[in-house]
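Thanks for coming, everyone. I will go through it part by part.

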Amino acid sequence: MTKTSAGNFFEDFSVGQDLVHAVPRTVSAGDVSLYTALYGMRFPVQSSTEFARRIGYADAPLDDLLVFHIVFGKTVPEVSLNAAANLGYAGMRFAAPVFPGDTLTARSTVIGLKENSNGKTGTVYVRSSGVNQTGQTVLEYVRWVMVKKRSLDGHAPEPVVPDLPEAVPAANLTVPEAFHGDGWDFDLSGELHRWGDYEPGEKIDHVDGMTIEEAEHQIAARLYQNTSKVHFNQHQEKEGRFGRRIVYGGHVISLARALSFNGLANAFRVAAVNAGSHTAPAFAGDTVYAWSEVLERIELPGRDDPGALRLRTVATKDMPCSSFPLRAADGTYEKAVLLDLDYTVLIPR
Amino acid sequence: MTKTSAGNFFEDFSVGQDLVHAVPRTVSAGDVSLYTALYGMRFPVQSSTEFARRIGYADAPLDDLLVFHIVFGKTVPEVSLNAAANLGYAGMRFAAPVFPGDTLTARSTVIGLKENSNGKTGTVYVRSSGVNQTGQTVLEYVRWVMVKKRSLDGHAPEPVVPDLPEAVPAANLTVPEAFHGDGWDFDLSGELHRWGDYEPGEKIDHVDGMTIEEAEHQIAARLYQNTSKVHFNQHQEKEGRFGRRIVYGGHVISLARALSFNGLANAFRVAAVNAGSHTAPAFAGDTVYAWSEVLERIELPGRDDPGALRLRTVATKDMPCSSFPLRAADGTYEKAVLLDLDYTVLIPR
Amino acid sequence: MTKTSAGNFFEDFSVGQDLVHAVPRTVSAGDVSLYTALYGMRFPVQSSTEFARRIGYADAPLDDLLVFHIVFGKTVPEVSLNAAANLGYAGMRFAAPVFPGDTLTARSTVIGLKENSNGKTGTVYVRSSGVNQTGQTVLEYVRWVMVKKRSLDGHAPEPVVPDLPEAVPAANLTVPEAFHGDGWDFDLSGELHRWGDYEPGEKIDHVDGMTIEEAEHQIAARLYQNTSKVHFNQHQEKEGRFGRRIVYGGHVISLARALSFNGLANAFRVAAVNAGSHTAPAFAGDTVYAWSEVLERIELPGRDDPGALRLRTVATKDMPCSSFPLRAADGTYEKAVLLDLDYTVLIPR
């Protein structure tokens, strides 16, 4: 009997199956420092306990995307070790805030399966969630991945494709209970723009670019205990499709979010990710730029403050974003586009 | 209206203007670990809570230069985003020690302005300070930078050039109140040399060299939330003056200070920076060496212990320092010289 | 008098000599985060305070190898700054667990000396130990290194070669007093394999590979305050034997241990290192793989739970380990082999 795990193949999944993911993780101020150092994150609620307390938090919460990366990393060994492609996210909802000292675990349930016609792969839909040490959900989301089959002769299960929400509805967004916007200091937050200053259709070029180094994305993915082989093994990847290690897609999301501070400094919380596509792989040496479009201005039920903005943030490689690159004339993504992320942030009114 | 900031140009500054810098920062043990990992810092007061307590500190304070980098980083968006050159520092005084858990904010006042004769740039003098969550000053200094003008037609303000001190006087150095040198363990600190063992004119070759990697200086500058574009964007810098990303000058200061442990192990606190010049840019791949000269042995008013040493520390690239390289025959800095720093340290008597 | 230390040469050592190593180090959650980020460590006892408490620890202890690296780093300035080779380890015993907030110091005693026949070098045997702030030993081990002589005319001391144990006996292994295996959650730990599932002679291929970057091994070695020149100075090493910086051998040990999680997920503590050889140098760009062999299944005196496994873990470069590479036909190590480590782990029964 071999002691090592080769990960699950398409045949190993069944609808309704529960997956308990290994290795609980206590997060700490050390993780926060590394996250700052990897992306240059400057959002004040996450950067300062004083600022966080003044608006109603007990402490500075962890960056929402750091929570996402840690929960996501836990799901890799059971869900996507044999993935051919990470296809998408839906209905991602950030719930209880996470503070240094919290311990996170993750679980997933298989909610859909569909074999591909080539007989070599199939799509697996999982609903995953991250939970803290008191049992509160900190994050839940649906992800679907293309997973390899163990053999061409494997079974073809009855296709089950779950209904996926187009976006997380306002009523399902988690707003910090104690939030009080009168404690918000717009001098210290970096910009004066509030919820009402953003107009649907408005586009923002985040101006700056950030070049990725191999050591950086490896350090990031390991911090998240992500075990996906393609990020770490040059000896193997040099024979692979790209000849190089592939940067964890979440690394690009965090870079784009960090760059978006310039123009969205007061967007203090990612409340939801409605949809997201990694439209091209990123590699060390790429310089990531980003721009955003305001998709919708959302009032939160029963709350005067904060408000929500639904945003699209697009990340590119080696292409400044003053012209807001997205799609070519034929409707496909422009080659320079790495990420098309549809998400919802909270921002003071 | 654009939501992003392009930073201030020379025309945007006026003498007496107050600048509140954004993004308060709570420092933590995570920052300390990263700082150690980036420079190999070994000064025992900063490395050990036990050592720090034995000489009168409540806890191990953060490295003074880490405090400087964080405060400096906050000033970049308003002061030097459009800088053509960082010209100098004066009168830098480290005041209240900073401990993990403290929250730092920064402010600046414009104290001088002088347009250059070419009409394209001007010098801006600011007095900046870092303050902790109880309002104590942790650091203050004057910096002057050459800032680009928005247009050639801009106004030429009345030149105001502030009087700058040649050095921070002994009476203005902050000595930790509770310091008691009888708690100092010279076995654990690494060297036996005390204040009285250093002679003005004495030169010390710090022997070792440390090679800079792109990932390292980027991680450092982001840890400090420094937003200066030239450190991070290879896509843009490859078209720039050097064809490469420029290492944050403060990174070289910290490398030099870390190397200086070999010969100055008991110099436990940077109390002041009297003057400093980044005489050449540093790039990834450069190996930094350093040497120091004792400029002055200073008794601290009203205290038997510690004493102060005024030092010059010179950092070079790709040149060992056994011959103490500094200036060429024509009086200009030798090409290998990166940094000429005049500063004052505290050391047990 | 020069203020800097050139380190000890062979002539500077004498049997019975005590060496107090400088710079006490308070360890923190920041060190834990960096350690996770450098190796992708996933052992649950070190990753989660909740998991650690459930099996009897007061808190999540630091990874044993992180403790080793910090203690080892302290010994470098006095023991191996002028080493020509790190020859071996014996009798390494991990004692009291180390928690964030503990302060570590190190001492060594010279227990053996033997000049080499070439008159240029000699072997120095030291017994080193790490101690926490309450005086408890956290680690002790014997190391021997080949150290350069200052001159060919130096004295040739009476050779003293200590008796070294072939392995740390079961009775000398430290088992956490309060350990109770009923708190062990095999779903959360990642694998179901217990002590009794491992058979002597069994070999495990740990499958994955991890590529080393210059920034990573430098960051690691500096985190450990290791001052060995060969890891950091490309300007000097480009003229050296390999033309490149040499990766700290302990970095390879930690990579191998992290990779071994796949197959040894429940091996929650390194209790001893019986012997270890760095059989070839590692460099940036190398991809490290690993495999393990179960050497012995050990019952711990007076305890039902946990048990111990004596393991050999072999690390290779640029060579997957499905064929368990070790020695060539002539008995020498295969070229790809970097590390041959004989050690003892604790694992629930």
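How do the axes of helix H1 and helix H6 of chain A cross, and within what distance do they come? Before I answer, one caution: this is a predicted model. Now the helices. H1 of chain A covers residues 29-39, and H6 of chain A covers residues 214-223. Their axes come within 11 Å and cross at roughly 150°. An angle over 145 degrees counts as roughly antiparallel, so that is what H1(A) is to H6(A). The crossing is left-handed.

Who makes the contact? From H1(A), take Asp31(A), Leu34(A) and Leu38(A). From H6(A), take Glu216(A), Ile219(A), Ala220(A) and Leu223(A). By class, that contact has five nonpolar residues, two charged and no polar ones. Keep a general point in mind here. An α-helix has 3.6 residues a turn, so residues three or four places apart point the same way.

Next, the chains against each other. Start with chain B on chain A. Here 31 residues of chain B are in contact with 39 residues of chain A. Which elements of chain B supply at least two residues each? Two are strands: E2 (25-26) and E4 (103-115). The others are helices: H1 (29-39), H6 (214-223) and H7 (234-237). H6(B) gives the most, with six residues. By class, this side of chain B has 15 polar residues, ten nonpolar and six charged.

Now chain C on chain A. This contact takes 39 residues from chain C and 31 from chain A. On the chain C side, several helices give two or more residues, including H2 (44-47), H3 (49-54), H5 (186-189) and H9 (261-264). The largest share comes from H1(C), with nine residues. The chain C side divides into 17 polar, 14 nonpolar and eight charged residues.

Let's go inside chain C. Is strand E11 of chain C, residues 307-317, largely enclosed or open? Ten of its eleven residues are buried, so E11(C) is largely enclosed by the rest of the structure. Look at its partners. Strand E10 of chain C, residues 287-298, pairs with E11(C) in the antiparallel sense, over ten bridges. In that pairing, Glu293(C) stands opposite Arg312(C). Strand E12 of chain C, residues 337-347, also runs antiparallel to E11(C), and ten bridges join them. There, Val314(C) has Asp340(C) as its bridge partner.

Stay in chain C for one residue. Find Trp144(C), in strand E6, residues 137-148. Is Trp144(C) buried or exposed? Count the other C-beta atoms within 10 Å: there are 23. The cut-off for buried is 20 or more, so Trp144(C) is buried. What does Trp144(C) touch, leaving out residues up to four places away in sequence? The list is Leu87(C), Gly88(C), Thr123(C), Val124(C) and Tyr125(C). Now check Ala90(C). Ala90(C) and Trp144(C) are 54 residues apart in sequence, and 8.7 Å apart in space, C-alpha to C-alpha.

Last stop, chain B. Helix H8 of chain B, residues 249-259, is mostly covered. Ten of its eleven residues are buried. Among them are Gly250(B), His251(B), Ser254(B) and Arg257(B). Val252(B), Ile253(B) and Leu255(B) are buried too.

That's the tour. Questions, please.

Definitions and conventions
Residues numbered from 1 in each chain as written. Chains lettered and ligands numbered in written order. Predicted model: local features only at pLDDT ≥ 70, side-chain atom pairs only at ≥ 80, totals over all residues. Buried ≥ 20, exposed ≤ 12 C-beta atoms within 10 Å, placed from the backbone. Helix = DSSP H or I, 4+ residues; strand = E, 2+ residues; numbered from the N terminus. Pairing = 2+ DSSP bridges. Contact = placed C-beta atoms within 7 Å. Nonpolar A, V, L, I, M, F, W, Y, C, P; charged D, E, K, R; others polar. Axes fitted to C-alpha atoms, helices over the stretch in contact; angles between N-to-C directions. Parallel < 35°, antiparallel > 145°, perpendicular 65-115°, else oblique. Left-handed = near helix turned anticlockwise from the far one by under 90°.
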